[in-house]
Amino acid sequence: MCRLIIILLLLVILIVGYWWWRPTAGGSNSEVLPVLLWHGMGDTCCLPFSLGAFMKLIVAHTNGTYVRSVEIGGNMVMDWESGFFIHPNEQVDYVCKQLLADEKMAKGYNAIGFSQGGQFLRAVAQRCPQPPMRTLITFGGQHQGVFGLPSCPTLSVEACDYISRLLTTAAYTTAVQEQLVQATYWHDPLMENNYRRGSTFLADINNELYLNVFYTENLNKLKKFVMVKFLNDTVVQPKDSQWFEFYTSGQDKVIQPLKDSKVYENLGLKQMQRDGKLVFLGVEGDHLSISQTWFIQNIVPLLLEH
């Protein structure tokens, strides 16, 4: 009986998912820049109770601007799997090609990243300057990585525990870097050299391997870089990573201010702050706890700017 109920529930989810699976919305208002969304771990592009709701909200409050939600692969399953098992470099390359092929994005767009989708979109801004990203908004993005994985949305406790053990013991091995997305932004402050040498994504986009002037120049082309931090976050450790801060090297207690970090200079964040392009917003609540009211008041005006 229980198995039958589970099968029926899965069928309902698949049917509802197919009906609601729309990675694009809007498009009637060309006066407002298009918006690109990228979901986080354990989510997908278009579910109505998740990013699908934000797509609808943005279209409604921008009088119909075009919204595209990143979909990796051609179906719901692949899109969900991408959050755990498809290397960010592959995903970023895939999205860059999609953007170039989308005529509605040709004149520029604003971007909103949710959780790990935040640092993935930053990689798009740094690596793919065409079409131009104007404003980047990240909700709970892990810009300096994470050192802890207290929970894994939509995964079982057993699976999450297994991933946590892998990250703790073998994050920087070639096999784990290639097969587990979270390993690519695992930042161990107790083993900084291992992190810089072993990280195949975050250390690169943060200019910690070598100074990539191309990355710095492209990031500075943004009109604004808005970082939203969840002040009561229990998922991202440390939560300060959402504002581009992290533990002082050699320990995991004291947070180093952004202005004292190497990435502040090496990635051009110092210049962006001088130019008034960096915006730090804080919101009460746990990870990705965003109310529609807060979003409309604080984010929609940024999307309407010319």
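Is cysteine 128 buried or exposed? Cysteine 128 is buried, with a relative accessible area of 16%, a value that falls below the 20% limit for buried residues. Please keep in mind as you look around that this is a predicted model. The tour below takes in two disulfides, then moves on to the aromatic rings, of which 15 pairs turn up in the structure.

**Disulfide between cysteine 96 and cysteine 128**

- Cysteine 128 has cysteine 96 as its disulfide partner, and the two sulfur atoms are 1.9 Å apart.
- The link of cysteine 96 and cysteine 128 is right-handed, with 90° about the S-S bond.
- Distant parts of the chain are linked by this pair: cysteine 96 belongs to helix α4 (residues 88-101), while cysteine 128 sits in the loop between α5 (116-127) and β5 (133-139), 32 residues apart.
- Cysteine 96 is buried too, with a relative accessible area of 6%.

**Disulfide between cysteine 45 and cysteine 46**

- Here cysteine 45 is joined to cysteine 46, with an S to S distance of 2.0 Å.
- The link of cysteine 45 and cysteine 46 is left-handed, at -85° about the S-S bond.
- Both cysteine 45 and cysteine 46 are buried.

**Aromatic pairs**

- One of the pairs brings together tryptophan 38 and phenylalanine 120 in an edge-to-face arrangement, 5.4 Å centre to centre and with 65° between the planes.
- Tryptophan 38 lies in strand β2 (residues 35-38) and phenylalanine 120 in helix α5, so this pair ties together parts that are 82 residues apart in sequence.
- Tryptophan 38 counts as buried at 1% relative accessibility, and phenylalanine 120 counts as buried at 1% as well.
- Another edge-to-face pair is made by phenylalanine 246 and tyrosine 247, with 5.2 Å from centre to centre and 65° between the planes.
- Phenylalanine 246 is buried, its relative accessible area being 3%, and tyrosine 247 counts as buried at 13% relative accessibility.

Definitions and conventions: Residues numbered from 1 in each chain as written. Predicted model: local features only at pLDDT ≥ 70, side-chain atom pairs only at ≥ 80, totals over all residues. Heavy atoms only, no water. Disulfide = S-S within 2.5 Å. Buried < 20%, exposed > 50% of the residue type's maximum accessible area, 1.4 Å probe, protein only. Helix = DSSP H or I, 4+ residues; strand = E, 2+ residues; numbered from the N terminus. Phe/Tyr/Trp six-rings, centres within 6.5 Å; stacked < 30°, edge-to-face > 60°.
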